[in-house]
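The sequence and the model are shown first.

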Amino acid sequence: MTFDVPDDCGYLETHEWAREQDGLVRVGITDFAQDELGDVVFVELPDEGDDLDADATFGVVESIKAVSDLYSPVSGTVTAVNEELFDRPELVNEDPFGDGWMLELDPADLGEMEDLLSPEAYREQTG
Amino acid sequence: MALRKPPLREAHAERGATFTEFGGWDMPVEFDSIRAEHSAVREAAGIFDVSHMGQIEVTGPDSETLMQRLTSNDVSALDPGEAQYGVITDEDGIILDDTVTYCLPESHPADYLFVPNAGHDEQMHGRWTGYRDDHDLDAVVENATDDTAMFAVQGPDAVGLAVEAFGGMVRDLSRFEATLATLEATGEVECLVARTGYTGEDGVEVVCPARAAAAVYDAFADAEPCGLGARDTLRIEAGFLLSGQDFDPEENPRTPYEAGLGWTVKLDTEFVGRDALEAAEAEGVDEKFVGFRLLDRGVPRHGYDIVNTEGTIVGEVTSGTMSPTLGEPVGMGYVPVEYADPGTVVRVVVRGQQKRARVQPLPFLDKP
């Protein structure tokens, strides 16, 4: 099975992705991660305005069978969370890199994006 | 120790199943998606490989006595072709296992079959033979688990599929009735077909020789292959207990009265644990098995604390999930009787946060 690994994202070994857009960083979990988890039934996310550190947990995603912590790819302040997921957590399964995004950060240092796994490196990890 | 494998282990893997260890067996947990499998059982039909369940056959002049003395229900009430649910208790009335006892049709070579939970077959075989020898009873007890396959076909369409596979005789089975039937596709494989199962839906369970497992499974090609994941969510919606989780003689010792299984205890029969249970019934229970629905966002899971409004721990979640049918987080567990009335609000601690939960009657989902 091949999983979607878009070229415009950086990745964590823990299967989160980060994508820069107009100076902000959007975060979610990968196609591989949603497939491993199975049917996502619940997402716990931080509040707008919360400060996150790179690699620190920012929330939890639960499928029917498992609970997984979510880790922030970069440091920054939460500018938006995807509240749609509270009513429709299945969006994480259906569109992990699109409508299933989880939060948006105002990054403390965009240079931290360079520390993330490249799409090639992440493909290798999950291949 | 190597995991025991059901006869169709490789066929399940080829169908894309993921596997988990359960009771010492390597069993499929998910084929497609738990939600899809769950819905198939509620709306059409699903097939579960339950070959990890034990298969113990009891035969001989004292077979009825042996079954009666080691299970809580009244086995003497069964005619050939009838089955009943019961529990197996120790001297103190603690549930060791739960089981379905089949009084086998007369043409079957054995008299009784009972089905202990996964990984309990050797222990129960030992319990039966030990009791037989101590009481000088005349019965042969055979552990047929490794030579036998068992499938549960469950859902509103299940009986129709069983009729296609086995012919019209299985259509007229009542709930908890069993018959021997020949698989029409092969014309020779004889199976025990019983209108039993554990999803809260109508359906049948099919017991067959391990060598015929593929032929039986293939005869139900129109049923969705299902794994243990969907088994869990379906079981919780139906309020059924899971061995090793909702009761466990070591980790969570419970009497049938605490577990809501008092109806399986026939105190006018003679069985191991009877005297303790008579006393327990007279005393009444301190704790009861209840269902609850989370009122706040979150998912209750096995092992989470249940606390009262003062924050004092009063119990533990034994099973919980996001109910696929109801779209609500539901769970079960034991609480002191003062918290057991439907409508009582308690709290479940989810990752350090107290979430409100309302006690409600089981099952969560009405029976079909």
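Predicted model: local features only at pLDDT ≥ 70, side-chain atom pairs only at ≥ 80, totals over all residues.

Residues are numbered from 1 along each chain as its sequence is written, chains are lettered from A and ligands numbered from 1 in the order of writing, and side-chain values use heavy atoms, leaving out hydrogens and water.

The complex receives an ipTM of 0.88 and a pTM of 0.94 from the predictor.

A nonpolar core is a set of buried Ala, Val, Leu, Ile, Met, Phe, Trp, Tyr and Cys residues joined through side-chain atoms within 4.5 Å. The largest has 41 residues, and B:Leu241 and B:Leu261 are among those with the most contacts inside it. Apart from it lies another core of 31 residues, including B:Leu161 and B:Val204.

Two buried residues (under 20% relative accessible area; exposed is over 50%, partly exposed in between; 1.4 Å probe, protein chains only) are listed here.

| Residue | Relative accessible area |
|---|---|
| B:Val170 | 1% |
| B:Glu205 | 8% |

B:Val170 lies in the loop between helix H5 (158-166) and strand S10 (178-182) of chain B. Its C-alpha is 7.3 Å from that of B:Val193, 23 residues apart in sequence. B:Glu205, in strand S12 (residues 203-209) of chain B, carries the feature "binding site" in an unreviewed UniProt entry.

Terms used
Helix = DSSP H or I, 4+ residues; strand = E, 2+ residues; numbered from the N terminus. UniProt positions renumbered as here; feature names shortened; annotations may be inferred.
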